[in-house]
Amino acid sequence: MNIYVVLSFLQIPNQHNAGAGGHQPAVFRMAVLDTDLDHIFPSSVLPPLWAKLVVGLVAIVCFARSYDGDFVFDDSEAIVNNKDLQAETPLGDLWHHDFWGSRLSSNTSHKSYRPLTVLTFRINYYLSGGFHPVGFHVVNILLHGGISVLMVDVFSVLFGGLQYTSKGRRLHLAPRASLLAALLFAVHPVHTECVAGVVGRADLLCALFFLLSFLGYCKAFRESNKEGTYSSTFWVLLSIFLGAVAMLCKEQGITVLGLNAVFDILVIGKFNVLEIVQKVLHKDKSLESLGMLRNGGLLFRMTLLTSGGAGMLYVRWRIMGTGPPAFTEVDNPASFADGMLVRAVNYNYYYSLNAWLLLCPWWLCFDWSMGCIPLIKSVSDWRVIALAALWFCLIGLICQALCSEDGHKRRILTLGLGFLVIPFLPASNLFFRVGFVVAERVLYLPSVGYCVLLTFGFGALSKHTKKKKLIAAVVLGILLINMLRCVVRSGQWRSEEQLFRSALSVCPLNAKVHYNIGKNLADKGNQTAAIRYYREAVRLNPKYVHAMNNLGNILKERNELQEAEELLSLAVRIQPDFAAAWMNLGIVQNSLKRFEAAEQSYRMAIKHRRKYPDCYYNLGRLYADLNRHVDALNAWRNATVLKPEHSLAWNNMIILLDNTGNLAQAEAVGREALELIPNDHSLMFSLANVLGKSQKYKESEALFLKAIKANPNAASYHGNLAVLYHRWGHLDLAKKHYEISLQLDPTASGTKENYGLLRRKLELMQKKDV
């Protein structure tokens, strides 16, 4: 076959011939390296199309179990409670909001700017007609399958180099290595959080465009003649654009520019770091004649990459503002530790844990904060061994990548380390504080580098051992075990109960695990069990204000008011700006008849959260209990201004105005409320009562009947309609609805009394007729 070799980083050092014949030794070495894996994969599965089909199918099978799962953990905030997904929110708002729907300028924003990811959620919401999780999960699974298929091409470049036919088609020179690495990536259990958790789509989309950017950059070297200069620049610019798209899916995406630069300098430019350092140290004059430094194309591409990266960072800085995200000590304890040495030691321990999750993804947890990983405070802590092991391995790999005489080995290790380290840098705490200790989702891209190194290790091991069947059995065993682990872990991500309980065996000291189990139990009505888990969360973390707040709420509902007040008071002392705890404290104090203290607590809640409709509603109830009617109406009006669909506030205004004889005003408020919330049967009922007292019987009857149709088992609705008919003179209809009301609620004394009056009246009328 006539092959025109444009570029190959498999070239033997110092060999610069561009002809096909000059590359024969390099191609031969690659063939030998790929042949080291021939005992694992038969030739029949090596064609790229078949390899991609196998990898895509395996990737989908691993995580298919999660397709019908619920929205779990962070999905609630990022999707279900995110107004940016709904049609009422202008599309333009997505570009000014963070991932969770908050304004980027807000002090509470985490500054996670991912508008393209949110846009895909919005499309999912539109296509599925609401918050139906199946569609969201299916997209995630398909994305992982597509990325795994793309990995065959990426690994083919990493292992086989860039060689093209005369028609410009890239040759796949390492089919076995690329297939094995792609399979290892497709079945890695650490990816479960990204695939089975819907919010993991940010990582999936980022990875997709990250890899497309890398492959696009590779295409810049497809042409070598002068006519190819424009084409080369186009592919570099397209790669930068795809990197920007990746960053708009997740911040990590910008690191692809760094990886492209490393690829260009060390692989395309054949920049030998060790050789250059030696020449610099020896002041070798031949350094001036290095082709790499005279390569104007390289300098031009580096200028484009640097300018593109700087432009992205500047635009992002202008959009999100200068304020850093606000994280607390429980989110990332090491970053709040006293002393730079303690912080550095613990950061490195976190890196070792991430490395362990790649090596042995058996202990997986949805959250690793809040005591899950205690700080290392002394060199006598045995966990320091993990740091030493990590750096021993890294230094060994770096030395091999820099010092090996085998150019192919050097470059494979360099790219493997590049993919492993560069995408991980934003999560490393080196440049800014992050809001987590360990997060499995951030390992999605770094796992590419891990798969490169592992595959290369298998190839080297096969080359130096005669027990090739044993190596094949080990590889097959790893793939099967990881597939099984993916299936099991995907099942755990299908519901919050399974997800949270699965974390107990991994992080029993994690207060957030106990808190989430307690919250899940409380939502299901199991308050007794929820209290136990909330108490354990507070025991493990005595400053866990959210656990105190939720526990205080349950105790309030169980009328254990003294302990509830103590917990909520402690919560607001620990975190004075905790508005929800201030409001709940006010509710408890109101129940204890400590009205002045309750009012003060409500005011503190509103001070720290100005737009707090529920707090205004509760403040209105306090004023109503104190017969401060004007203040109560003002508070409820504030609640409805902030939240027009606040049914309880509207209802209380109508009832208070009705009870104080302001029927015209009550009618006006009721009509206003029904215009905003036309299907609220409780508002229909309240307004119907007002209209009945105003002798607008026909309109009142229509509203009563509409309310009963919406809620037919409400005894009070039938009872009050019976009263209307009683006043109106429709006694048979009154008798019918009195009887229905008493069937639904036989203990209603008012209805019994009115029914007795009606029966006596009917008996008198019958006697008169006789």
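Modeller: Before we look at this predicted model, one definition is needed: a disulfide is counted here where two cysteine sulfur atoms lie within 2.5 Å.

Biologist: Which cysteines form a disulfide, and how far apart are their sulfur atoms?

Modeller: In general, a disulfide is a covalent bond joining the sulfur atoms of two cysteines. In this structure the rule gives a count of 1 disulfide, formed by C372 and C507, whose sulfur atoms are 1.8 Å apart. The pair links distant parts of the chain, 135 residues apart, with C372 in the loop between α13 and α14 and C507 in the loop between α18 and α19.

Biologist: At what angle do helix α6 and helix α16 pack?

Modeller: Two packed helices are described by the angle between their axes and by the distance separating those axes. Helix α6, residues 175-186, packs against helix α16, residues 446-463, at about 135 degrees, and their axes are 9 Å apart. Because of that angle, α6 counts as oblique to α16, and the crossing is right-handed. From α6 the contact draws on A177, L180, A181, L184 and F185, while α16 contributes S447, V448, C451, L454, T455 and F458. The contact residues comprise 9 nonpolar and 2 polar, with no charged ones.

Biologist: Over which residues does pLDDT stay under 50?

Modeller: Where pLDDT is low, the predicted coordinates should not be read in detail. The protein chain averages a pLDDT of 86, and 89% of the residues score at least 70. However, the value stays under 50 over residues 1-32, for which the model has 65 contacts beyond four places in sequence, and also over residues 224-228, for which the model has 3 such contacts.

Methods. Residues numbered from 1 in each chain as written. Predicted model: local features only at pLDDT ≥ 70, side-chain atom pairs only at ≥ 80, totals over all residues. Heavy atoms only, no water. Axes fitted to C-alpha atoms, helices over the stretch in contact; angles between N-to-C directions. Helix = DSSP H or I, 4+ residues; strand = E, 2+ residues; numbered from the N terminus. Parallel < 35°, antiparallel > 145°, perpendicular 65-115°, else oblique. Left-handed = near helix turned anticlockwise from the far one by under 90°. Contact = heavy atoms within 4.5 Å. Nonpolar A, V, L, I, M, F, W, Y, C, P; charged D, E, K, R; others polar. pLDDT = per-residue confidence, 0-100.
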